[in-house]
Amino acid sequence: MGKKVQCDLCPTECVLEDYQVGGCRVRINKGGTLYSLVYGKPCAVAVDPIEKKPFFHFLPATTAFSIATAGCVLGCKFCQNWQISQADPEDTDNLDLPPDDVVRQAIFYNCRTITYTYTEPTVFYEYMYDTAKIARRFNIKNTMHTCGYINEKPLRELSKFMDAADVDLKAFTEDFYSRICGGRLKPVLDALVVLREEGVWLEITNLIISTLNDDIKKIREMCSWIVKNLGPDVPIHFSRFFPNYKLKDLPPTPMETMKNARSAAMDAGMRYVYLGNMRSEAENTYCHRCKNLIIERHGYFVKQNNISNGRCRFCNTSIPGVWS
Amino acid sequence: MNMRSLPVIIMGITSILIQITALRQLMSVFSGNELDIGITLSVWLTAVGIGSYAGHRFRQRNALAFSFIAVALLSQPTILFINLIRPLLSIEFGETIPLLNTVFFTVISLLPLCIVIGLQFPLAVSYLGGNAAKAYGLEAIGAFSGGALFTFLLSGRVTPSTISMAVSLINFAAAVFLIRKKYLIPLLIIPAIFYFGTEKVASAVRWKGAELILKTESRYGEIEVLKLREQSNLYSSGKFFFSYPDRQSEEMRAHIPMSVSASPSDILIIGGSVSVLGEFLKYDLNSIDFVEIDPKIIDISMGLLPAGDRQKLNDRRLRIIATDARKFTKGLKGRRYDLIVLNLSEPSTANTNRFYTVEFFREAKAGMKDGGEIFLSLPPSFGYIGKRMQMANGSVYNSLKKVFRNVELSSEEYGIMIASENGISTDPAVLEKRFSERGIKTQYFHPYIFHDAFAGLKKKMVRERLEKAAAINTDKRPAAYLYNLMLWAEMQGSAVLAALLEHKNIFAFAAIFLLALSAAALWKKKETAYFSVFSTGFSSMAFSMIILLAYQASYGYVYEMIGMITAVFMLGVAAGAHISRTFRKALPWMMFSEALTVMLLLASPLFFMRESLFYALSLINGLLAGIEFSAANIFLKEKDRIMAAGRFYAFDLAGSFLGAFTCSIFLVPLFGIQNTIAFVVLIKAITLALLFSIRHEKN
Amino acid sequence: MTRRDFIRFFVFGGFLSLFRKKAAAFTKQELKKAMFWRKTG
């Protein structure tokens, strides 16, 4: 034999026989060597406002060149992107877009950043890593939207080139992760801490789903953990669940729950709490010190920006984030 | 008819009643589409077939009576078990059940009861002194009455647990009648105990974390309202419809279509929540017609609104019409609209598919003013439109393009399609200007959404993707429904089904090949007779399915009439069996009915023109099947007539199973009604040829 | 050939043809060697 391989990229740590494909659907053991099936083969390519990723404290009002390939390390029952995340790379229509072309296109479309998003970028690690390296040389920033389900070593290596990460903290119970996502919570929390240590700008997204993770007590617990381990400056985006994928018959989250979650997070000491996808004052940024409106947003569009040189124009407090 | 016939008739009545009840319950538990009808009917027929095949082994006295007791003891647990499927599988609240589990649990829940029901038939034959034709006829009469009873009396008025209790009680009574032993009477307490237990258990375990505040039956399914905090959520047959209050969604559903329309004055809204109407009424317009098929859904959703909001709907401009929207658009009589908004779910069932076909779009176009628009939205995707969704949404796009000169699309996250004979502007700046000029106050909706929904690059990307799809969605060939089924299969991880749906032509050739093979294998007199029973079971059931689906395609909700159409069919079977019971020369009659069936099938599109003709078609279909069964039975006079009856019934049911299963799951959705008819004609023609070839053969 | 052989032939052939497609996958494209893995035996 001697042809078995263990993948050390994500905490699933698949052991693969010859010609076996990993749980992520995109890594294959061929004759005792592990290969990526999606290198340079994205199926989703788009130019989006960076606010859509969502990043609210990272180069506001700029655009992000967004790419993704098929595959994912988890299998969440509520996945928005299941058409790619739960697909094999041979079943999607892929483009041929090697790393240098990604950077070229990003420059062509005037994007300040490249975002690795939609599905879980961990699965196209090599593609992301090489692209990020080139992008940095051309002064283009790298950001990713990830579920944080990645081992420490690869994450630290990636952090060298990653400027910001939006991590989906899907819930604060192991039960939710195992029942609904087919993963574990612990590695995600560990990854958050690593990203913080490596100095990658961090924002957190939490999708609130009725009956599954809408317990306000748990949300408060989660926010306290964030404040304690990552600091109060990490922005958190609560987003509203809409029926999707396997949870097609679960109703959208009540507005009340969303508002309760927001006050719970603020009570726990978080300074920047946003409600995504909902027109309200909760999509604006207010200075944590003087409480003045510093960034006014309408959805993904910035209406006014009162931050200069990373400071509040009213009280001169430094506002956490990457502003230029 | 004498008293001796009574138990057999009762058998027919109660078995159809419990069948319809179980079917509706399964649909609701599995949040089902038409696939579930096919699965349930096929499992039902197979289990009954197994039972009837085994039935001839029971020879003891009172066997029929004991079978009644068994049905009485099983019917309530069956309904209860169906309600327990979700918690048993630990399926989340609101999660759809994978197809494999659907099939598996349908089998488990139906098997015991159905086998017993199957056993009853040969037992009834021996009870009637071996007269299979009479048993068949009486059971059919019972089934007819049961179907009529359900359709006209019970549907929407009586809960499933009450029906199953009644079935249980009647079966006990029948057993007492047959055995004439008074000591059996105390058994009647069992159904009552179950009755009070079932409802409690069922509602307690069904919805985790949500509170059931209302549950009622309408003629179109089971309606439930579940409360999550202050939000009420309405379900019909286990499918989520809408929430109230949900201002965000309501505003989106009203202000995007209104802004896309240049001068909306007369508006037609099809389906959805009544609270959306309040948003439309904010505009200065002439009239709104709101059409929803289920009056109970209208009443319930009205009841959910606070008094103030309900008052607002008390507006002279608004007409609320409880009818099938397809029927409504056909009979507009000169009424014309500026804007037609479809607030329906995607075409994932044959029923909703009717609102996404070329035919419907033509009807809608006829009901539009000059420059009128139709607005609909399909499921969104984020970042990438998968191949199957590309085909599903693409077929709707193509159908719109076939009817309208202009079709505009939104970005994939919104899934919007707008069509008109005139130009449509989806320029975000134009829409934003319109919206602000009309001065509408909203809580969540903001014109920035136009910039997101109609961003130029995204619109272009979606159009390029959808234009690659070639299929067109029509009433007779519901392509969107088929691709949505495939999408659903893919979502559930049923790779086998998805592949099967994809390689439908291979499947079709394989079926025809197998058919020819089995015909070749049956080149003997006796087998040919059995084959003709099988093929009649197949064709009559397939024909019934074709009738049901064609009915669905032209008139709307099939549940309303499923009982009646089935009942008329059973009546035909009974009449056919009665007419032919004295035939001497059976073979010519068999050939005669085969030939007539072929002709009837070929002529059937003519019958799809008028509602009453559907019933006529179903009746004649039953009549011919009845004649053929009875003639084949006479032809097969074997030594042991009871044995023959059991095997006979089993062949009939095996055929019926395949007919129901293949027709509802594959043939009609994949190949359309016309090709399915052609396929059934082919089978009948093969049977006819076989019968013809054995006409001189000695026994 | 008896009728039984005939049927067996076709059923077997049908099964074989099912395997063909799966085998065709992963044969052409040039792949990128992955990072972060090790041989385990």
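Biologist: Which residue in β2(C) is the bridge partner of Val5(A)?
Modeller: This is a predicted model, in which local features need pLDDT of at least 70 and side-chain atom pairs count only at pLDDT 80 or more, while totals for chains, interfaces and linings use all residues; side-chain values use heavy atoms, with hydrogens and water left out. Residues are numbered from 1 along each chain as its sequence is written, and chains are lettered from A and ligands numbered from 1 in the order in which they are written. Strand β1 (residues 5-7) of chain A pairs with β2(C) in the antiparallel sense over 3 bridges; strands (E, at least two residues) and helices (H or I, at least four) are DSSP runs numbered from the N terminus, and two strands pair if DSSP finds at least two bridges between them. In β2(C), the partner of Val5(A) is Lys39(C).

Biologist: Which residue of chain A stands opposite Lys32(C) in β1(C)?
Modeller: β1(C) pairs in the antiparallel sense with strand β4 (residues 33-36) of chain A, over 2 bridges. Opposite Lys32(C) stands Ser36(A).

Biologist: Which strands stand at the edges of the open sheet of 3 strands?
Modeller: The order in this sheet is β3(A)-β4(A)-β1(C), with antiparallel pairing. An edge strand here has a single partner, so one side of it is left without a neighbour in the sheet; the two are β3 (27-30) of chain A and β1 of chain C.

Biologist: Which element gives the largest share of the side of chain C that touches chain A?
Modeller: Chain C runs α-β-β from its N terminus. At least two residues of that side come from each of β1 (32-33) and β2 (37-39) of chain C. The largest share, 3 residues, comes from β2(C).

Biologist: What is the area buried between chain C and chain A?
Modeller: In contact (heavy atoms within 4.5 Å) are 13 residues of chain C and 29 residues of chain A. Buried area is the accessible area (1.4 Å probe) that two parts lose on being put together, summed over both. Carbon and sulfur atoms give 63% of it, and the area is about 2,000 Å².

Biologist: How far apart in sequence are the parts tied together by Lys4(A) and Glu17(A)?
Modeller: The two residues form a salt bridge, with the closest N and O atoms 3.9 Å apart. Lys4(A) lies in the segment before β1 of chain A and Glu17(A) in the loop between β2 (15-16) and β3 of chain A, so the parts tied together are apart by 13 residues.

Biologist: Is Asp289(B) buried or exposed?
Modeller: Asp289(B) forms a salt bridge with Arg335(B), the closest N and O atoms being 2.7 Å apart. Asp289(B) lies in strand β6 (residues 287-291) of chain B and Arg335(B) in the loop between α12 (325-330) and β8 (337-342), so the pair ties parts 46 residues apart in sequence. Buried means under 20% relative accessible area, exposed over 50%, partly exposed in between (1.4 Å probe, protein chains only). At 28%, Arg335(B) is partly exposed; at 1%, Asp289(B) counts as buried.

How values were computed: A salt bridge is a side-chain nitrogen of Lys or Arg within 4 Å of a carboxyl oxygen of Asp or Glu.
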